[in-house]
Amino acid sequence: MSLNQAADDVATRAGTIIDNMKSMEGPLLPILHGIQEEFGYVPQDALPLIAKALNLSRAEVHGVMTFYHDYRDHPVGRHVLKLCRAEACQSMGGDALAERIKRLLGIDFHQTTLDGSVTLEPVYCLGLCACAPAAMLDGEFHGRLDDESADDLVKEARQ
């Protein structure tokens, strides 16, 4: 697939999402979510299309996309594992847990395993402070993690 074909594919697929959502009240965030759901990330080629459709500058669209940490500008693994790095989780052994998970996966934060199965991301509070340390795998919360449950979580993510 050539770069022009890839850009045309992004334009077509993103254009459909934009057209379906641009009449909503406050459409920028839903459009970004829709595009990320479609591609697994928000391709840079989609930003000018969004800006034009919503009568915004490219800088405004880029600013919103980069402000919110859940929007990605690059492809990720089949599964995304987010580890809470906030104080409550750290105080309950989150640092040691993070090191264990990084070692089990063979990657650091913001990296994807070589087989493309898992991307590891830090987050700064999942709202599960009473269940610290906590993680989220593909949108599913996991609390009160220990060595055994961390091993199980990594095995689940690797599938």
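In this predicted model, the axes of helix α2 and helix α3, the latter spanning residues 46-54, come within 11 Å of each other and cross at roughly 150°. Because angles over 145 degrees count as roughly antiparallel, α2 is roughly antiparallel to α3. The crossing in which α2 passes α3 is right-handed. On the side of α2, the contact is made by Leu28, Ile31, Leu32 and Ile35, and on the side of α3 by Ala46, Ile50 and Leu54. Sorted by class, the residues of this contact comprise 7 nonpolar, no polar and no charged ones.

Helix α2 takes part in another contact, this time with helix α4. The axes of α2 (residues 28-39) and α4 (residues 58-67) come within 11 Å and cross at roughly 70°. As angles from 65 to 115 degrees count as roughly perpendicular, α2 and α4 are therefore roughly perpendicular to each other. Here, too, a right-handed crossing is found where α2 passes α4. Leu28, Leu29 and Leu32 of α2 meet Val61, Val64 and Met65 of α4 in this contact, whose residues divide into 6 nonpolar, no polar and no charged. In general, two packed helices are described by the angle between their axes and the distance between the axes, and the table sets out these values for the two pairs.

The domain assignment divides the chain into domain 1, covering residues 1-65, and domain 2, covering residues 77-156, and the C-alpha centres of domain 1 and domain 2 lie 30 Å apart.

Strands of a sheet pair through backbone hydrogen bonds, either parallel or antiparallel. Strand β1, which runs through residues 79-84, pairs with strand β3, residues 118-123, in the parallel sense over 6 bridges, and within this pairing Lys82 stands opposite Glu121 in β3.

Two details of the backbone deserve a separate look. Most residues other than glycine have a negative phi, and most peptide bonds are trans. Asn55, by contrast, has a phi near 60°, a positive value in a residue other than glycine, and Asn55 lies in the loop between α3 and α4. The peptide bond from Ala132 to Pro133 is cis, with omega near -10°, and Pro133 is located in the loop between β3 and β4.

Notes:
Residues are numbered from 1 along each chain as its sequence is written. This is a predicted model: local features need pLDDT of at least 70, side-chain atom pairs count only at pLDDT 80 or more; totals for chains, interfaces and linings use all residues. Side-chain values use heavy atoms; hydrogens and water are left out. Axes are lines fitted to C-alpha atoms, for helices over the stretch in contact, and angles run from 0 to 180 degrees between N-to-C directions. Helices (H or I, at least four residues) and strands (E, at least two) are DSSP runs, numbered from the N terminus. Angles under 35 degrees count as roughly parallel, over 145 as roughly antiparallel, 65 to 115 as roughly perpendicular and the rest as oblique. A crossing is left-handed if the near helix is turned anticlockwise from the far one by less than a right angle, and right-handed if clockwise. Contact means heavy atoms within 4.5 Å. Ala, Val, Leu, Ile, Met, Phe, Trp, Tyr, Cys and Pro count as nonpolar, Asp, Glu, Lys and Arg as charged, and the others, Gly among them, as polar. Two strands pair if DSSP finds at least two bridges between them. Domain bounds come from an automatic or database domain assignment.
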